[in-house]
Amino acid sequence: MTKRVVITGIGIWSCLGNDIETVRQSLFEGKSGIGLKPERLEYGYRSGLTGVVETPVITKQMVDRHTRAGMSEEAQYAYMASRQAFAQAGLDDVYLRQHEVGCIFGNDSSAKPVIEASRIMDQKHDSAMLGYGLVFQSMNSTVNMNLSTIFHLRGVNFTISAACASGSHSIGLAYMLIRQGLQDTILCGGAQEANYYSMATFDALGAFSIRMDEPTQASRPFDKDRDGLIPSGGAAALVLEDYEHAVARGATILAEVVGYGFSSNGGGISEPSDNGSVIAMTRAMQDAGVGVDNIDYINAHATSTIQGDMYEALALDKLFHGCHALISSTKSMTGHECWMSGASEIVYSLIMMQHHFVAPNINFENPDQYSERLNIAATTVETEVNTVLSNSFGFGGTNSALVIKKI
C-alpha cells in the first residue's frame with residue numbers, strides 16, 4: 001500500500017523576499033524582483049538584467065567557520081531556505097539527530113568557485129594556494145553535502161542535475177521515495193547561484209532580454225513583445241513527509257503532493273516540445289487521479305522566450321482549452337530562477353493556495369496567436385485554489401510536472 005506524501009514546511013530565499021510573508025506580499029501585489037546590474041555589462045554581457053537576490057549573512061553562531069568555508073553561494077541560499085522549512089515543520093536539531101531525514105536538492109552548476117580556482121592556478125601555478133573550501137563549493141553536489149553536514153541528515157542524499165527542471169524533479173523523486181515507504185521525511189528543493197559567472201554562456205546564446213531601460217517590465221511570459229528571459233537565483237526548500245508520520249508527531253500539514261509526471265523530448269538539445277510537455281502534465285494528473293477540470297491553477301514554466309512560451313502555450317491549449325484553470329508564470333516577477341525554479345514555484349503556488357489567490361502574470365499586455373487562447377491571469381485573482389499543476393522544462397528536453405492539493 002502506497003503512502004500519502006504531504007508538505008509540512010517550506011522556506012524561500014529569492015528576489016521576491018527572504019521569508020514567506022514578504023514573498024506572499026510580493027506575489028499578491030505583482031511586485032517584480034528584477035533589476036539592472038552594471039557589473040554584468042562591464043564583464044561582457046549583452047544584458048545586465050537579473051533577479052536581485054540578497055546575500056545571506058551566516059554567522060558563526062549559525063554555522064562554524066570551517067563549514068562556512070565550504071559553502072558555495074547556492075549552498076548558502078539553500079541553508080537559509082532550509083532553516084525556514086525545518087522551523088515551520090517543527091524539526092529541530094535534536095529531532096534531526098535522532099531520526100533519519102533525507103536530502104534531495106536540484107542544482108546544475110557551481111561556476112563561481114570553479115572560475116576562482118582556475119584564476120588562482122593561472123596566477124600562482126600552485127594547488128596549495130587553493131585552500132580548503134573550494135573543492136566543496138565547486139561540485140554540483142555542493143548543496144546536498146553542505147545541508148546534510150550542517151543539519152546532521154542521515155537519510156537519502158543526492159543532487160538532481162536536470163537543467164531548469166532540477167528543483168521539480170527533486171520534489172518528484174522525494175515524493176516517490178516516501179510514497180514507497182523508503183523514507184519518512186525528506187528535505188528537498190532547488191538552488192541557483194546568482195553571480196554573473198554562472199550565466200555568461202546563456203547570454204552568449206542571446207537568450208536574455210535586453211529591455212534594460214525598464215527592468216521590471218522585461219520579463220514578459222506569453223506576451224507578444226517578449227524578447228528573452230531574465231536570469232535569477234536563490235533557493236527554495238520543502239519538507240516532505242509521510243502523512244501518517246506527520247499526523248503522529250502533530251505536524252501542521254500545508255498541502256499534499258499527489259502527482260508527478262515526467263518525459264523527455266528526444267529532440268534538439270535546446271528545443272522545447274509541446275508533445276513532451278503534454279506527456280509530463282498528463283502523467284502528473286493521472287498519477288494524482290485528477291482531470292483537467294479539477295485543476296484550479298497552473299504555474300506555467302514560461303520563461304519569456306519566444307519559442308519556449310509558444311510550445312508551452314500549445315501544450316496548455318491542447319489540455320486546458322475551455323477549462324476554468326487560471327494560468328500564470330511567476331517568472332514574470334522573479335525572472336528565471338533556473339535550477340531552483342521548479343521548487344520555488346511549488347512554494348509560490350502553495351502560498352497562493354494558503355492565502356486564496358492566484359498571482360498575476362505581470363507584463364502580459366498583448367497576447368500572441370498562441371497565448372490568446374489561454375486563461376491567463378494578468379492581474380491578481382482572489383479565489384480558492386485547491387489543486388495546482390506546476391510545470392518545469394529544461395535543456396536536453398527534460399520535462400517535469402507536479403500536482404499539489406489542499407488537504
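Two strands count as paired here if DSSP finds at least two bridges between them. By that rule S9 and S10 are a pair: they run in the parallel sense, joined over three bridges. Across that pairing, asparagine 299 sits opposite serine 328 of S10. Before I go on, note that this is a predicted model.

Now the whole sheet. It is open, has 10 strands with mixed pairing, and reads S5-S4-S6-S7-S1-S8-S14-S13-S9-S10 in order. At its edges are strand S5 (157–160) and strand S10 (326–328), each pairing on one side only. From one strand to the next, the twist averages 25°.

Two helices to mention. H4 packs on the sheet and touches S1, S4, S6 and S7, with its direction at about 135° to that of S1. Helix H8, residues 142–150, also packs on the sheet; its contacts are S4, S5 and S6, and its direction makes about 150° with that of S4.

The largest nonpolar core has 77 residues, and Leu238 and Leu240 touch the most other members. Helix H4, residues 73–89, supplies the largest share of this core, nine residues.

Last, histidine 301. It lies in the loop between strand S9 (297–299) and helix H13 (306–320). Is histidine 301 buried or exposed? Its relative accessible area is 9%, so it is buried, the cut-off being under 20%. Beyond four places in sequence, histidine 301 touches, among others, Cys164, Glu312, Lys331 and His336.

Notes. Residues numbered from 1 in each chain as written. Predicted model: local features only at pLDDT ≥ 70, side-chain atom pairs only at ≥ 80, totals over all residues. Heavy atoms only, no water. Core = buried A, V, L, I, M, F, W, Y, C linked by side-chain atoms within 4.5 Å. Buried < 20%, exposed > 50% of the residue type's maximum accessible area, 1.4 Å probe, protein only. Helix = DSSP H or I, 4+ residues; strand = E, 2+ residues; numbered from the N terminus. Contact = heavy atoms within 4.5 Å. Axes fitted to C-alpha atoms, helices over the stretch in contact; angles between N-to-C directions.
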